[in-house]
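Student: I've got a model open and I'd like to learn how to read its features. Can you walk me through it?

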Amino acid sequence: MSTTTDADLSIHIEATPDLPAAQQPVWPDAVALDSAVAELAAYPPLVFAGECDVLRERMAAASRGEAFVLQGGDCAETFAGATADNIKNRIKTILQMAAVLTYGASVPVVKVGRMAGQFAKPRSSNTETREGVTLPAYRGDMVNDFEFTESARTPDPQRLVRAYHASSATLNLVRAFTTGGFADLRHVHDWNKGFVANAANQRYEKLARDIDKAMKFMAACGADFEAMRTTEFFAAHEALLLDYERPLTRVDSRTGDLYDTSGHFIWIGERTRDLGGAHLDFVSRIHNPIGVKVSAKAQVDDLLRMIDLVDPDRTPGRLTFITRMGAGQIREALPSIVEKVTASGAAVTWICDPMHGNTFESASGYKTRDFDDVVEEVRGFFEVHQGLGTVPGGIHVELTGNDVTECLGGSEKILDADLSQRYESVCDPRLNHQQSLELAFLVAEMLSRD
């Protein structure tokens, strides 16, 4: 993560038109909300404008095939989960995946964590009913608590402030890990050797051996391994709650431009990307690199109008389309979208989210995903871009560094009966540490064939 500090950002909340904002909580106390927003506006930025500019350059490189983006992390962070061990394990998993992908792609991997801000989630309903009792839906720890009681489910604006502090603590630890030697490529490679030593992962042994030979070759040539002790790492989250994002929007003293300093990269989802809505208006005003989730239902004309609004100057690295279509639909739905967007002259970066289109309820009642479906959607994503001569720029994965049992399959063959053992997610199922690394090896094989 860049430590650029030349952007002396002053507090600024941009006046915006009164547009409809989807997926916002119903705060019961307007005075308490105003107090929390004012408190956020007085705090220092979590990231700096200069760091966001660096990431925009990295995303531009990915759009040209000169880099590959790995976005990974929790579906929904929790305050209780923001521990040193959990953060370390997540960072370790992403670093291990990135090392394998770097070898497979033969280009730098841009490491972006779904973390330090991913405390809110969209919901299909404002309420949840259990055994005749109806309460507000859980919208993430930034809003309320998962426990099904009236006091826990009542939206509390002070949770916005608590999310800021949890994000700040997370970013401090991430910076320490990625600049203090924890990210040393030699350590990361040793961790991956441990992964392939597992009998269930032996099919990846050849790739690990090839990486080992490359490392030894670099050492023999006198490569500067000191330069590989640190790495860039960027923070990303869905910009869902405008009462959190707006007070953290600041003016960059270098340029006078606005940046949302809650994270380097923010995205808007399927439920909030309305052309006349407040979310698209908000991201059109800030200079962070921006992502937009795109499903198989997306209308190309809407996407083209979105590009005109968010990226009118066609700046490479400014806008990323994160496709989430499902393994069974991506080969049919994606080509026409990519073709027409490319023909428009837009300079978007294409990233595959193979998680959200492949969610279903298992026979035992758990919300889950099948590892084979996740891999198949990534494979379809690569095939579409290869067929069109366009660039597959990266992957966007919900994962954890812990050995949870939330997604079916993988080399260790998690079954439906296993889901109850360690199903810890409060929202969507995540790949565990082993499944995440296996996905990285499989994607590296796809990249090395291109």
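Predicted model: local features only at pLDDT ≥ 70, side-chain atom pairs only at ≥ 80, totals over all residues.

Student: Which residues does the UniProt annotation "binding site" cover?

Tutor: UniProt positions are given in the numbering used here, with shortened feature names, and annotations may be inferred rather than shown by experiment. In this unreviewed entry, the record lists Arg 114, Glu 270, Arg 271, Lys 293 and Arg 324. The lining of the largest pocket takes in Arg 114, Glu 270, Arg 271, Lys 293 and Arg 324 from that set. (On a 1 Å grid over the protein atoms alone, a pocket is an open set of points where a 1.4 Å probe fits, with protein on both sides within 12 Å along at least five of seven lines; lining residues have an atom within 4 Å of a point.)

Student: Is Lys 293 buried or exposed?

Tutor: Buried means under 20% relative accessible area, exposed over 50%, partly exposed in between, using a 1.4 Å probe and protein chains only. Lys 293 is buried because its relative accessible area is 5%. Arg 271, at 43%, is partly exposed.

Student: What does Lys 293 touch?

Tutor: Contact means heavy atoms within 4.5 Å. Leaving out residues up to four places away in sequence, Lys 293 touches several residues, among them Arg 114, Glu 270 and Arg 324. Arg 271, counted likewise, touches Ala 22, Gln 23, Pro 122, Arg 123 and Ser 124.

Student: How many aromatic pairs are there?

Tutor: Rings of Phe, Tyr and Trp (its six-membered ring) pair if their centres lie within 6.5 Å; planes under 30 degrees apart count as stacked, over 60 as edge-to-face and the rest as tilted. That rule gives 12 aromatic pairs. One of them, Phe 182 with Trp 191, has centres 5.1 Å apart and planes at 50°, so the pair is tilted. Phe 195 and Phe 441 are stacked, at 5.4 Å centre to centre and 20° between the planes.

Student: What sits over the ring of Trp 191?

Tutor: A charge counts as over a ring if NZ of Lys or CZ of Arg is within 6 Å of the ring centre and within 35 degrees of the ring normal. Here, the charged end of Lys 92 sits over Trp 191, 4.8 Å from the ring centre.

Definitions and conventions:
Residues numbered from 1 in each chain as written. Heavy atoms only, no water.
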